[in-house]
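This report goes through one protein model from its overall build down to the surroundings of its ligand. Please look over the sequence and the structure first.

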Amino acid sequence: MQSGRAAANDIMIVYRSEYAGDDGSFQSDLAAITREAIEHNSAQDITGVLLHHNHVFVQVLEGSTDGLELLMNKLRKDRRHRNIEVLLDGRIRVRAFSDWSMRAFDLNDESSLSLPILQQLTDTFRRSFSTAESTLMQFHQVMLGAIARKNRTPPPTGV
Ligand SMILES: Cc1cc2nc3c(=O)[nH]c(=O)nc-3n(C[C@H](O)[C@H](O)[C@H](O)COP(=O)(O)O)c2cc1C
């Protein structure tokens with residue numbers, strides 16, 4: 001993951017929402033959402049990440065003001081999630097996720113998270129989000145916990 005310079009009118013929006021479907025549909029809904037996001041975002045020069053933990057989403061979106069306004073209108077109508085709460089909305093000088101038209105991370109499944117990616121995500125959170133907003137801080141804590149567990153070397157066996 002590399003960060004890249006942002007265009008003059010680029011903004012970042014971060015929101016949290018709750019999955020509105022059944023437990024059994026989550027994985028297939030998430031796969032469809034990610035597919036739609038990658039297709040649409042690459043055409044619109046939108047980049048970002050979609051984190052989820054216990055059926056709560058936090059999505060970071062980077063793009064032009066117009067592009068993100070259109071996307072937020074679609075997201076507000078999407079019945080696969082509810083209770084959208086915008087946590088951050090502001091201009092950026094640098095894109096944190098310029099290589100990813102959208103990438104989903106399951107913070108419940110540590111085996112799907114590589115250590116370098118976790119560390120880059122947590123660095124980006126630290127750099128971009130200085131506010132002590134509670135949802136962001138909870139996600140940050142989950143990521144820090146996963147890093148701590150991954151750094152711990154397993155106990156020796158057969159001793
Ligand atoms: C949590 C969540 C995140 C989403 N993220 C994106 C996204 O980054 N980009 C996108 O185009 N659609 C995203 N979608 C899907 C949109 O709401 C919408 O269904 C999709 O863009 C297709 O819209 P259209 O049929 O009007 O083109 C997301 C949906 C959910 C529930």
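The text below covers confidence, overall fold, the sheet and the ligand shell.

This is a predicted model, in which local features need pLDDT of at least 70, side-chain atom pairs count only at pLDDT 80 or more, and totals for chains, interfaces and linings use all residues. Residues are numbered from 1 along each chain as its sequence is written.

The mean pLDDT (the predictor's confidence in each residue, from 0 to 100) of the chain is 87, and 92% of residues reach 70 or more.

| Element | Residues | Mean pLDDT |
|---|---|---|
| strand β1, lowest | 4-5 | 70 |
| helix α2, highest | 65-77 | 97 |

The chain contains 4 helices and 7 strands; these are DSSP runs, helices being H or I of at least four residues and strands E of at least two, numbered from the N terminus. Along the sequence their pattern is β-β-α-β-β-α-β-β-β-α-α. The C-alpha trace spans about 60 × 35 × 30 Å along its principal axes. A compact globule of 159 residues would have a radius of gyration near 15 Å, and the chain, at 16 Å, agrees with this. That radius is taken over C-alpha atoms, and the globule rule is 2.2 Å times the number of residues to the power 0.38.

An open sheet of mixed pairing is formed by 5 strands in the order β5-β2-β4-β3-β7. Two strands pair if DSSP finds at least two bridges between them. At the edges are β5 (81-91) and β7 (103-106), each pairing on one side only. Strand β3 (residues 47-53) pairs with β4 in the antiparallel sense over 7 bridges, and H52 stands opposite F57 in β4.

Around the ligand there are 16 residues, the closest being A37, H40, D78, R80 and H81. A residue counts as near a molecule if its C-beta atom, placed from the backbone, lies within 6 Å of it. The elements giving two or more residues to this shell are α1 (26-44), β4 (56-64) and α2. Helix α1 supplies the largest share, 5 residues. By type, the shell divides into 7 nonpolar, 5 polar and 4 charged residues. Here Ala, Val, Leu, Ile, Met, Phe, Trp, Tyr, Cys and Pro are nonpolar, Asp, Glu, Lys and Arg charged, and the others, Gly among them, polar.
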